[in-house]
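Trainee: Could we go through this structure together? I would like to begin with its pockets and then turn to its surface.

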Amino acid sequence: MILARHAVSGPFAATRKRLLKAVTTTLIVVGVVAGFVGAIRGVHISLDMLLGAGVVLVPSGWVALSLTAERSALSPLWLGLARYGLATVGFAVLFALRPGSEPLAVLAGSAIALLLPSAL
């Protein structure tokens, strides 16, 4: 309850809402694009796009929450490095667990997830 109050009333509340809205909108757009691609090319391609986007969006969402926290323990530089480090580990885990993944679909999903929040 106390954390929720600070998250809503903190000095970065508007920025946090904007960043989370961009991440959420990106997730919806990737879902729609993956649905269209899945209808044309198959469910596996669609799933690969979603997983590629997830590898990028999960660390991005974490950074959006951490960077706008009232008392962020990490500097923005370390958060940025952690974001890309987590994405790198995410791609390694994705291709280790799903070696038959279509690389272009994963790349397309991750590219949309990387570029669209900045545009929004």
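This is a predicted model: local features need pLDDT of at least 70, side-chain atom pairs count only at pLDDT 80 or more; totals for chains, interfaces and linings use all residues.

Trainee: What volume does the largest pocket have?

Mentor: Its volume is about 260 Å³.

Trainee: And which residues lie nearest its centre?

Mentor: The lining of the largest pocket consists of 14 residues, and those nearest the centre are L19, S60, V63, R83 and P117.

Trainee: How do the lining residues divide into nonpolar, polar and charged?

Mentor: There are 11 nonpolar residues, two polar ones and one charged one.

Trainee: Changing topic, how many salt bridges does the structure hold?

Mentor: The structure holds one. D48 pairs with R98, and their closest N and O atoms are 2.8 Å apart. This pair links distant parts of the chain, since D48 belongs to helix 3 and R98 to the loop between helix 4 and helix 5, 50 residues apart.

Trainee: Is D48 buried or exposed?

Mentor: D48 counts as buried because its relative accessibility is 2%, and buried means under 20%. R98, at 25%, counts as partly exposed.

Trainee: Now the surface: which residues make the nonpolar patch?

Mentor: I28, V32 and F36 make a nonpolar surface patch of about 330 Å².

Trainee: Where is V32 placed?

Mentor: V32 is in helix 2 (residues 13-41). With a relative accessible area of 45%, V32 is partly exposed.

Conventions. Residues are numbered from 1 along each chain as its sequence is written. Side-chain values use heavy atoms; hydrogens and water are left out. Patches are made of residues with over 30% relative accessible area and no salt bridge: like charges are joined within 9 Å, nonpolar side chains (Val, Leu, Ile, Met, Phe, Trp, Tyr) within 5 Å. Accessible areas come from the Shrake-Rupley method with a 1.4 Å probe; for residues, only the protein chains shown count as cover. A salt bridge is a side-chain nitrogen of Lys or Arg within 4 Å of a carboxyl oxygen of Asp or Glu. Helices (H or I, at least four residues) and strands (E, at least two) are DSSP runs, numbered from the N terminus. Buried means under 20% relative accessible area, exposed over 50%, partly exposed in between (1.4 Å probe, protein chains only). On a 1 Å grid over the protein atoms alone, a cavity is a set of points where a 1.4 Å probe fits but cannot get out, and a pocket is an open set with protein on both sides within 12 Å along at least five of seven lines; lining residues have an atom within 4 Å of a point. Grid points are joined across faces, edges and corners, and a volume is the space filled by probe spheres set on the points. Ala, Val, Leu, Ile, Met, Phe, Trp, Tyr, Cys and Pro count as nonpolar, Asp, Glu, Lys and Arg as charged, and the others, Gly among them, as polar.
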